[in-house]
Structures are given as C-alpha cells and as structure tokens.
Number of protein chains: 2
Amino acid sequence: MYPRVAIDAMGGDNAPGAPVSGAVMAAKALGSSVCLVGDEERMREALGRMGGYPKELVTVRHAPGVIDAGEQPVGALRRKKDSSMVVALNMLKQGEADVLVSAGNTGALLAGGVMTVGRLKGVDRPAISAVLPSRKGGGVLLVDAGANVDARPEHLVQFAIMGSVYAGRVLGWNPVSVGLLNVGAEEGKGCETVKQAYSRLKGRSEFVGNIEARDVLDGDVNVVVCDGFVGHVFLKTVEGTAGMIFHSLKAELADGALSKVGGLLLKPAFRRLKKRLDYSEYGGAPLLGLSKPVIKCHGSSGPAAIMNGCRVGVEFARSGAINAVLQEIRTPD
Amino acid sequence: MYPRVAIDAMGGDNAPGAPVSGAVMAAKALGSSVCLVGDEERMREALGRMGGYPKELVTVRHAPGVIDAGEQPVGALRRKKDSSMVVALNMLKQGEADVLVSAGNTGALLAGGVMTVGRLKGVDRPAISAVLPSRKGGGVLLVDAGANVDARPEHLVQFAIMGSVYAGRVLGWNPVSVGLLNVGAEEGKGCETVKQAYSRLKGRSEFVGNIEARDVLDGDVNVVVCDGFVGHVFLKTVEGTAGMIFHSLKAELADGALSKVGGLLLKPAFRRLKKRLDYSEYGGAPLLGLSKPVIKCHGSSGPAAIMNGCRVGVEFARSGAINAVLQEIRTPD
C-alpha cells in the first residue's frame, strides 16, 4: 500500500494556495494520494487555478475552522474541533490517512499530535527535528529543534534513538553518528542534564561523544542531540548570523566601483548559497516520537516546500522507522 | 591614580611574545604602567626584540610556572602557586596592580579570580561576557558567555545587572537595554529558569523583555542575558556559521571564470567583513562579578588583542563599575 497523505490545507502563511499546489505537485510527482483538508470552497478555488490535476489522487475534506499561528495551542485544539488541523489529525488517528503534513501552528500540531495520535510507547516527549545543510554537502539532523525547552537526561537519550533511526531509515544516511551538543568536546563537560545524558549514551555504538556548536555544520556528526531551548537558539543563531553576513556583504559591495562589479558577477553564486542555507528548502521537519508520521513544514512554505514535506512524509511512512524506534526504545540500556 | 595593569605574560597560544608586545603597545598608547608576570628570561628576551620601550612604565615580575590551556583549573591553581596566573592574581589581590589581563586558561582564571580576588558581595556566580559586533554598527554584550553552565534565575538577574552597569559605565553605551535570550519574544515563553528570571527582571527600567537568537546581532538590544551553556552555544554557532558561509562562498567563487573575477575584486571586502566579525578583535572579555577587574583575552590573541584587553581593563578599573554593581545588586528588587 502506498501511503495516503492528509494535508492541513489551511496551515501556514500561504494557505490555502501553497498547500493545495504543493499537494497537487506531490500527487503528480510521487503518485501518492493526497487529501486536502480545509475550507472546501477556498480549496476548490485554489484547485481551479491549477489548470488540471490528477482527480483520482487528489481529494478534498471540508473543515471550516482554522487554527492561527499565534493561538495558544491547547485552547485552540479544544475550541476548534472543526479546524483543518484537528480534522486532519483525526483522519490520521482513524487510519483514513497514513501521514499528515502541516505548515500550521507548531505548538498546536505537537500538542494535537500527542492528544489525538498519541505518543509512541516508551517516548516521554516527542521532539521536532530539523535537517540542516552541512559543509561537507550531506546534512545534519538536529533533535530537538524546539519542542521541549525543559528536557531531562532520559529525554535526550530518547531524542538520540529517534534521531538515529530517522537518519538511517528515512534519510538513508550511513553510517549514522550521534553527538551531544555541548560546551566542550571532552567527557565531563556541560550542565548536569547533559553530563547525565552523556553517561547514558556512552554505551551506544552510534554515539561519538560531545560536539561543540562551532562544529555542527561541518557535518562530521550527522545527528546532533540537545534540548529544545538550545536547539532553538542554535537554529535561530544560524539564521541570524547568515542574515548579518549577507547584509554586511551587500553593504561592502555597495562600496567602491570595483566591488560593485565584483558583486554583480557574484550574484548567482550568492543566490545558490542562500538557497543552500535555507533549511526550509529541505522540506518538512518530522515530529519524532508520535505513533504515526507527522511532518511540520515551515510557516512560510511555498508549494515546493510543501511538496518536499509530502515526499519526506511518504518516505517516513514507508520506512518502518516508527516500529524501529519502538523496538529500540524498549530495549533497556 | 592611573590604573596599573598586571599581565599574565605566559597565558595564551602566543605567549610570551604576544602578551609582551601587547603590553608594551598598551604602555605606549595609554601611558599606563604594565607589569609583565612570567618567566623572566623569556620575557626579557621578548622585550629585547621590541627595539625600545618605555622602561619607567614596563616592569617585570618573575613567575616560573605556567598553567596550560588544557589543565584542570582548580588542581592547577593549587599545584602551581608560582605560575604567572597565580602570581598575577595575588598582585591584584594585594593591591600591587589594579587590573589583570590574561589570555590563559579561562576556567583557571575564573576559579582563581574567585579564590584569590573574591566575588563581589551579592554576586553568587561571576560571569564571562563577550562583546559582539552588531548589524547596526554598535555592539552587543553577551552575559554569560560560558562561565556558568547551570544557572538559576537569580544568577540571570545578577548577569543582567552586571551587564547593564558594564555596558553603560565601561563601554559608554547609552541607553542600555537588556534582553533575555529566549525561544520567543512573548512573556511566558521558555524554560522554567528563564521564565522565573523574566518575572524578576520585569520591573527593571532597562529590561526590554525576551529576545530571540535570530535578532541578537541586529543590535536593537545591547545587553543579552543567558546561562553560560546557551551563551557558549550562541557564540560558537556564530563562529561556525560564519566559517561555513565563507567556506561555501570560496567554493562558489572557484566555480566559473566570471565568478573568479568577481571573487578577486571582492577579496578586500571579504577581509574587512571577516575582521568585523572576529569578536576577539574587540579586545578582552571582562569577568563580571569579581571584586577587582579581570580581563580575559582570547587564547589566540596577538599583540593588538592584548593591547585592546589592556585598554578595556584600564577603562574598567577607572569606571567605578564595580562599585556601581555593588550598590545595585544590594538593592532588593
């Protein structure tokens, strides 16, 4: 059976246009069936603008409500049972879909995932992961990228297991190496939580020890584990630093005629680099630790990012990664 | 009285050459007296290569031992009473110097500072701070940059007070605004420690609320408070991201003849930008919360960075910042 994708067509800054186009692109490219969940009239309108789509693969499910990006997650989930996100989560729960893709409110998707679909047995806290580009060309999977701002050592161990299974089974990375984000490379460094996580991870074959933030983007370690506070700071610092450098280069290039010529010649190179650094390009971020696959796309996702999210979701659903985590996490360490 | 500087002449990767040259440069530029502390023979040798220096300002104190960068701080401090760092710390304690500048082992300098010079009354944990360049051209002071990996809410409040006094009195920034590094801008975001720190900082006039990592380098907030784990991750992520971008740009520039020409034209612009991002250029990082001024220079400091450290140290000593912190921190909030 080919995985069926439910799409929260009202989630994200560009909804329903981007989710609808992205879903149609995914249906065409992957041959998978996609169900658009949201305001039927608006989705039909967006579909009408597509100029033809595979009708046997693309279906529509009406859900009039919308959970906005700024809403308090749990309250919104309770109040808005008819929202696109809640209806799509229920489809996943009831087996009407095999994977859910959403660019909507992250906190609501996470809380809704736990409340509706449920945690995987043995996982205390589901995590968000993000794939970042690395200097060596491969990628780096960061777990947790922001779901759990107060994590205990056992949570970090679970993140490591979930991350390494996902990296190996879904992303196809081989070998998988797991590092603990820390303030120094030597054992014994770091805060209490991280030190305890280190001693629990020590026996695992894929664990290579601590990694400093400076070295993460090198890509020597392909799964990097941290709590969600630190993971969020890491991701946003990468964004902020890249933004500052591009801004400064622009200013430098506006200075002096020779530089201006150089800048013009370099524009395509800059554009390629910016694209490479834009981790939303890599498609969705899997929520790891739920009993079914849920993919979070960036709120600003365009059609291509949504299609990438669907592709990742389909691979996630087919990979058997969730069962593999279930088995590994049950094994006492 | 003009502050007298003690220099740990054996600290750092380029010792004693860089500390000796940097100290002589500082004596010439600032007119302050500097005492070089370390292996006398090697310091005299380095001085001999200087081709003249103001002998009335530059003195030498023999201390044969050296604490290395990799040594365990407390053990090294106990064992090596004759080391340049311990002797210099004692000079500061006994009033033979007014400020200490060192590019040596950070942990040892911090622990030695607490053990020898002592904490400021009301400060539980001294912090390291770092000045970063900002997009707007001013700077951003990050406290704590790595001293306290497990900080409690009251420590973050103390970092905020020490940072704002330092920014105002020593760096001369006006107005000073303090932000709490967090995963979102709204009140109520973050881990327990940060939430509690927020509610304690709320009443302070210079406190502007949470700041996300992405916005730190913009410079809208000039003092950014976090625990040492997060501060270290922030700093090293800035370094790692900048390194990756420069590496990728280089690779892009090697691609195609037009890009190569562009790259050559841009070399000076790149060099200027790299220099601007190199926060060690900004001179030393003050250890805040000790009862006397201690400045930590980057381990890889050259003469210019050491001279900057001396300049910052002299300003720190003259500013009255330590007394101002003492008074502010005693005031119940």
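Biologist: In which helix of chain A is Ala324(A) found?
Modeller: In this predicted model, Ala324(A) belongs to helix H11, residues 321–330 of chain A.

Biologist: Why is Ala324(A) called partly exposed?
Modeller: A residue counts as buried with 20 or more other C-beta atoms within 10 Å of its own, and as exposed with 12 or fewer.

Biologist: What does Ala324(A) touch, not counting residues up to four places away in sequence?
Modeller: Ala324(A) touches Val165(A) and Arg169(A). For contrast, Ala46(A) is 278 residues from Ala324(A) in sequence and 39 Å away in space, C-alpha to C-alpha.

Biologist: Which strands of chain A does helix H6 (residues 153–169) lie across?
Modeller: Helix H6 of chain A lies across S5 (127–133), S6 (139–143), S7 (178–182), S8, S9 (223–225) and S10 (285–288) of chain A. The helix runs at about 165° to S9(A).

Biologist: What makes S7(A) a mostly covered strand?
Modeller: Five of the five residues of S7(A) are buried. Val178(A), Leu180(A) and Asn182(A) point one way from the strand, whereas Gly179(A) and Leu181(A) point the other way.

Biologist: Which elements make a right-handed β-α-β unit with S7(A)?
Modeller: Helix H7 (residues 192–201) of chain A and S8(A) complete the unit. The label rests on the sense of the crossover: with the strands pointing away from the viewer, the path from the first strand over the helix to the second runs clockwise.

Biologist: In what order do the eleven strands of the chain A sheet stand?
Modeller: The order in this open sheet is S3-S2-S1-S4-S11-S10-S5-S6-S9-S7-S8, with mixed pairing. S3 (58–62) and S8 (207–212) of chain A are the edge strands, each pairing on one side only. The twist averages 30° from one strand to the next. Within the sheet, S1 (residues 5–8) and S4 (residues 99–102) of chain A run parallel and are joined by four bridges; Val5(A) has Val99(A) as its partner in S4(A).

Biologist: Why are S3 and S8 of chain B said to stand at the edges?
Modeller: Chain B also has an open sheet of eleven strands with mixed pairing. S3 (58–62) and S8 (207–212) of chain B each have a single partner strand, so one side of each is left without a neighbour in the sheet.

Biologist: Which helix of chain B lies across S1, S2, S3 and S4 of chain B?
Modeller: Helix H4 (residues 84–93) of chain B does, running at about 165° to S1(B). Helix H10 (residues 303–319) of chain B also packs on the sheet, touching S1, S2, S4, S10 (285–288) and S11 (294–296) of chain B, with its direction at about 155° to that of S4(B).

Biologist: Which residues touch the most other members of the largest nonpolar core?
Modeller: They are Ala23, Val34 and Val225, in chain A and in chain B, within a core of 234 residues.

Biologist: How do you know how chain B is related to chain A?
Modeller: A rotation of 180° with 0.0 Å of shift along its axis superposes chain B on chain A, with an RMSD of 0.0 Å. The two copies are thus related as by a two-fold rotation axis.

Biologist: Why is it said that the copies meet through the same surface?
Modeller: The reason is that 100% of the interface residues of chain B are also interface residues in chain A. The contact takes 44 residues from each of chain B and chain A. On the side of chain B that touches chain A, H8 (228–253) and H9 (257–277) of chain B each supply at least two residues, and H8(B) gives the largest share, 19 residues.

Key
Residues numbered from 1 in each chain as written. Chains lettered and ligands numbered in written order. Predicted model: local features only at pLDDT ≥ 70, side-chain atom pairs only at ≥ 80, totals over all residues. Least-squares fit on C-alpha atoms with pLDDT ≥ 70 in both. Contact = placed C-beta atoms within 7 Å. Core = buried A, V, L, I, M, F, W, Y, C linked by C-beta atoms within 7 Å. Pairing = 2+ DSSP bridges. Axes fitted to C-alpha atoms, helices over the stretch in contact; angles between N-to-C directions.
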